[in-house]
Amino acid sequence: MKDSELKVSGQPQKEGNPASSVLDHEVLKYSFVSPFGVKQRLRELRLISSHIKNELPWLILALECLDFTTLAGDDTPVNVRNLCRKASHPLSSFATHKWMNDLHWKRVAAVCVYPQRVPDAVQFFKECSIKNVGVASVATGFPTGQYPLESRLLEIKYAVEQGATEIDVVISRCLVLTDQWDALYHEISEMKKACGDAHMKTILAVGECDSYENIYKASLIAALAGSDFIKTSTGKETVNATLDVGIIMCRAIRTIYEVTGKKVHQIGNIFPLNFSLHPTGR
């Protein structure tokens, strides 16, 4: 994407510690987002996607990046184990197709559950000797984030102790909507410390961030505070992952890389999931 499209050119090209204790406000100075530029980029992406003839390779790549998720009040060890089984062999229903010969070993990236159900997933993968599917856990007052920081950090530590290899944290949208960027940076930094060796995915809940500029700033701060991934939404908001927001978050990721050299990954929800594979790749 061209700098002129999002109007964030001119940010200082300097080395910095993305996990420093103080937020560098210089990065936030260039946070005007042009809606026209975003719409233009949307049109370009849709044109590119319309020319893709064989979707199968892209669908397989998407599959390998997915977290199979169950976040319901009636989750039990049984349905978590069933989810883990599907995650281990997500293409098993296509086993009779000839093009499945080289794909039967494909697996999703992780399963995602509540902290209380982490041991169920960990035990399943241990019993099956499966080491290439991660166990992610939501935490920090999911999905609202409307809890004291102390209790949210305890959730992270509990999930890690139970065996989670990735923690999905949710930010306080109140801090975004009231321009408390230093407080947001502090909270995310403390969450990252609590994760220890586990990867941290920071969920912005973009549908509740009010504006493109807020989403861009929140993306920058989440990356600077140490997030390994930034994610659009919890899947529980009225508006979740949208392509325009994905463009803005990716631009923030590029800005962080240009300024600090830090690499961050962007993630969105597929909700509801409609993942169709056919022998033709269509």
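## The sheet as a whole

Let's start with the big picture: seven strands form an open sheet in the order β1-β2-β3-β4-β5-β6-β7, and the pairing is parallel. (Strands are DSSP runs of E, at least two residues long, and helices are runs of H or I, at least four, both numbered from the N terminus; two strands pair if DSSP finds at least two bridges between them.) At the edges stand β1 and β7 (265–267), each with a single partner strand, so one side of each has no neighbour in the sheet. From one strand to the next, the twist averages 25 degrees.

This is a predicted model, where local features need pLDDT of at least 70 and side-chain atom pairs count only at pLDDT 80 or more, while totals for chains, interfaces and linings use all residues. Residues are numbered from 1 along each chain as its sequence is written, and side-chain values use heavy atoms, leaving out hydrogens and water.

## Strand β2 and its partners

Now zoom in on β2 (residues 110–113). Three bridges tie it in parallel to β1 (residues 67–69), with Phe 68 partnered by Val 111. Four bridges, also parallel, join β2 to β3 (residues 134–138), and here Val 111 has Val 135 as its bridge partner.

In a regular strand, side chains alternate between the two faces of the sheet. Are the faces of β2 covered on one side or both? Both: Ala 110 and Cys 112 on one side, and Val 111 and Val 113 on the other, are all buried (buried means under 20% relative accessible area, exposed over 50%, partly exposed in between, with a 1.4 Å probe and protein chains only).

## Helix α5

β2, helix α5 (residues 118–127) and β3 make a right-handed β-α-β unit. (Right-handed means that, with the strands pointing away from the viewer, the path from the first strand over the helix to the second runs clockwise.)

## Two aromatic pairs

Searching the whole structure turns up two aromatic pairs. (Rings of Phe, Tyr and Trp, the last by its six-membered ring, pair if their centres lie within 6.5 Å; planes under 30 degrees apart count as stacked, over 60 as edge-to-face, and the rest as tilted.) Tyr 114 and Phe 142 are edge-to-face, 6.2 Å centre to centre with 75 degrees between the planes. They link distant parts of the chain, 28 residues apart: Tyr 114 is in the loop between β2 and α5, Phe 142 in the loop between β3 and α6 (149–161).

Phe 124 and Phe 125 have ring centres 5.6 Å apart and planes at 80 degrees, so this pair is edge-to-face. Phe 124 is buried at 4% relative accessible area, and Phe 125 is buried at 5%.

Definitions and conventions. Axes fitted to C-alpha atoms, helices over the stretch in contact; angles between N-to-C directions.
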